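Student: I have the model open. Can you show me how to read its strand pairing first, and then its charged contacts?

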Amino acid sequence: MKISYNWLKQFIKIELKSEETAAILTDLGLEVEIVEKYQSIPGGLEGVVVGHVLSCEKHPDADRLKITKVDLGDGIPVQIVCGAANVAAGQKVPVATIGTKLFDKEGVQFEIKKGKIRGQESHGMICAEDELGLGNSHDGIMVLDSALLPGTPCAKVFNIENDEVFEIGLTPNRSDAMSHFGVARDLRASFLQKNPNIELITPSVSTFRIDKRTLKIDVDVKDHKLAPRYCGVTISGITVKESPEWLQNRLKAIGLTPKNNIVDVTNYILHDLGQPLHAFDASKITGKITVKTVPAGTKFITLDDVERTLHEEDLMICDEKGPLCIAGVFGGKNSGVTPTTNSIFLESAYFNPVSIRKSAKRHGLNTDASFRFERGIDANTTEFALKRAALLIKEIAGGEITSDIIDIYPKKIEDFSVFLNFDKTAKLIGQELPKETIKKILASLDIKISNISDAGLGLTIPSYRVDVQREVDVIEEILRVYGYNNINFTKKLNATVANAPRTEDYKVQNIIASQLNSFGFHEMMANSLTTADYIGLSDELKEEFTVKMLNPLSNDLAVMRQSMLFSGLEAVSYNINRRKADLKLFEFGKTYHKLPSGYDEPKHLTLFVTGNSKNESWTNQQKPSDFFLFKGYVLAVLERLGLQKTMMTPAKNDIYAEGIAIAYGNDTLVEFGTIKKSILKHCDIKQEVFYADFNWNLVLKLIGGKIKFTDLPKYPEVRRDLALLVDTSTSFDAVYNVARQSEKSILKGINLFDVYEGTSLPEGKKSYAVGFILQDASKTLTDEQIDKIMNKLQKNLENELGATLR
């Protein structure tokens with residue numbers, strides 16, 4: 001939000017430099033992000049002075065050029081070559097002296113330098129009005145008033161507006177400060193703490209009166225919940241033209257482009273008092289004005305010449321023929337003010353903030369009016385702002401007030417009450433403030449004290465402070481006006497050591513995050529809001545389980561995610577499209593489900609791997625990440641968590657082309673595998689992606705058992721290998737389980753180090769080369785013991801799996 005310093009000074013007398021005022025505003029919570037200078041003429045005509053043309057002669061070498069002698073007020077005439085046809089001796093003209101910086105039509109700066117034109121020296125430039133930014137004419141040089149003295153700065157002649165503009169990063173809750181008046185009101189609260197004589201200058205509307213009652217337009221408000229207050233008045237006999245210079249400068253300073261005097265007044269009042277207004281061409285209104293909703297599907301063309309399809313909840317300003325305006329958001333093309341308009345209906349209203357916000361978001365419109373309406377304006381300034389605007393329009397556009405003010409306000413928005421406890425105030429602030437100081441601050445904020453007791457104060461909060469409705473809000477107001485920097489800090493340092501168990505969620509997350517980071521993974525955080533389009537891509541996503549947003553920002557953020565897969569794939573796709581194709585990502589997060597018994601928010605850990613397994617290097621051969629590498633990451637996480645008594649089965653989730661589920665008892669601990677190509681295609685991903693989904697709630701439930709320690713074995717281990725011929729349908733997991741059941745105490749490790757399938761093998765067979773590690777913790781194994789164990793393993797593999805030695 002932009003605030004003009006000159007404009008601000010119309011409401012409060014300030015003698016401070018802009019930097020000092022900016023610091024005060026920031027301390028008040030209205031953070032000034034930047035202070036910019038504004039000049040009504042770029043460059044401020046610095047270096048441009050009044051010159052007196054003493055002589056004017058034809059250039060000897062150019063028919064269209066003239067050589068002039070010009071007095072610049074210092075008694076030493078300078079020679080200037082000029083190409084304007086209208087230059088003549090005796091004239092007073094604007095002269096840009098050597099070193100002056102001017103701006104061309106595109107806003108590019110250039111400097112006036114001493115030079116030669118066709119062999120003749122030229123010490124400056126006699127300017128046309130477009131060269132100075134004073135107009136668009138380039139027919140010839142400007143001829144000034146003959147009474148002006150040579151050397152007079154042109155900045156004084158043309159009354160250049162010099163201003164400073166504050167860019168304020170306004171927080172959404174501070175709707176009361178969305179105007180110059182609101183900011184001035186906050187400044188006054190701060191200044192009153194030191195100077196009780198500071199006053200807030202409120203514009204007077206005492207001269208408002210009805211001139212005639214010749215143009216009455218009736219108003220009917222159908223829904224007072226959507227439009228609690230609606231005011232209007234007609235003004236006739238106006239002349240639509242350019243606004244006066246002062247008004248244009250006010251709007252330009254805050255970044256607005258002047259349109260015409262009527263529209264400019266409505267914009268001026270909006271930024272002046274924070275009350276949006278709208279002017280309708282009265283001749284285009286048929287019958288009475290009705291404030292209502294219209295049937296869904298109704299077509300309406302707005303001021304930007306876009307045809308919009310209305311929603312049944314959009315509040316509209318209508319006449320007997322149809323909609324004229326989307327209330328509080330945007331005007332209609334066929335009812336706005338044009339150069340031929342001579343009478344208007346001026347609207348000032350208070351609309352329901354939620355209704356306006358929904359309409360603005362629904363139609364993708366973000367106007368200055370909707371910005372204020374949807375945050376909540378002051379309903380009690382509606383009529384005052386209307387009168388002020390009407391008086392301004394009469395002043396700069398002529399005309400007469402031709403109707404009584406219509407003010408439909410059936411149920412007044414009342415101020416609300418809050419009790420402020422002194423003890424709680426001191427506790428939250430961290431310092432006990434004098435009671436008189438608290439009362440003084442409250443009075444400066446227009447908060448009335450209804451009753452006083454030893455415990456605290458009964459307060460009445462003005463209705464325009466929609467963000468101050470609780471005791472803690474009042475304490476915050478007291479603190480920001482008193483000054484956060486004025487609160488003392490204790491020299492005593494207190495520290496608290498939390499006795500959290502090692503299985504606390506955040507501790508376990510940090511352990512696993514560190515482990516994954518050591519594997520080359522990066523943590524990501526995806527939005528919990530997503531699109532409903534993903535529901536049809538998996539049978540696991542159910543329409544009836546979807547948690548829908550009541551007021552979504554867009555269709556892409558309309559529901560809560562039921563799976564963390566798709567938000568992760570969005571991140572994968574985003575990175576791949578930016579030439580970052582080798583990815584290892586993980587995320588801790590929740591999914592959201594609507595169940596008959598209520599809402600469920602299970603927590604997950606998900607892993608994503610795609611692309612090459614290592615970074616490109618001349619020492620590393622590029623190798624794509626594969627299923628078994630990814631499986632190793634998953635098992636490493638389980639091993640780090642100490643979860644060992646698990647069972648592997650094929651994954652049933654239809655998101656996987658192939659996958660594995662690891663269960664602990666009857667509960668699935670993690671599912672992982674390769675994502676189906678149809679899902680990857682939907683996300684515009686053309687390379688293989690591996691995905692794992694850990695049930696983190698189950699993880700936290702299972703960990704935490706006692707840790708057992710054993711001594712390192714003193715006796716050597718022995719390795720024996722078997723080359724097994726098995727059916728192609730036999731998995732290594734089956735071989736592993738049979739071996740484990742055959743020998744539980746001495747068999748310490750089982751490793752598959754080769755798989756062979758070829759024409760030399762019988763049909764339907766494959767070869768597994770498996771290594772077995774044997775070790776006894778109490779003694780050295782003998783050949784007899786080893787042979788006995790290996791014979792047992794071979795026999796059991798043959799009986800249960802049909803495995804034979806090659």
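Student: In which sense do β40 and strand β41 pair, and over how many bridges?

Tutor: First the general idea. Two strands count as paired if DSSP finds at least two bridges between them. Strands (E, at least two residues) and helices (H or I, at least four) are DSSP runs, numbered from the N terminus. Here, β40 and β41 (residues 765-774) run antiparallel and share eight bridges. One example: V755 has Y768 in β41 as its bridge partner.

Student: What should I know about the model itself?

Tutor: It is predicted: local features need pLDDT of at least 70, side-chain atom pairs count only at pLDDT 80 or more, and totals for chains, interfaces and linings use all residues. Residues are numbered from 1 along each chain as its sequence is written, and side-chain values use heavy atoms, with hydrogens and water left out.

Student: What is the strand order in the open sheet?

Tutor: Four strands, in the order β40-β41-β39-β42, with antiparallel pairing. The edges are β40 (747-756) and β42 (804-805), each pairing on one side only.

Student: Which strands does helix α19 touch?

Tutor: Contact means heavy atoms within 4.5 Å. Axes are lines fitted to C-alpha atoms, for helices over the stretch in contact; angles run from 0 to 180 degrees between N-to-C directions. Helix α19 (residues 732-742) packs on the sheet and touches β39 (718-727), β40 and β41. Its direction makes about 155 degrees with that of β40. Helix α20 (residues 783-801) also packs on the sheet, touching β39, β41 and β42. The α20 direction makes about 15 degrees with that of β39.

Student: Now the charges. How many salt bridges are there?

Tutor: A salt bridge is a side-chain nitrogen of Lys or Arg within 4 Å of a carboxyl oxygen of Asp or Glu. By this rule there are 35. Take E161 and R250, at 2.9 Å from N to O. E161 lies in the loop between α4 (154-157) and β12 (162-168), and R250 in helix α6 (residues 245-253), so the pair ties together parts 89 residues apart in sequence.

Student: Are E161 and R250 buried or exposed?

Tutor: Buried means under 20% relative accessible area, exposed over 50%, partly exposed in between (1.4 Å probe, protein chains only). E161 and R250 are both buried.
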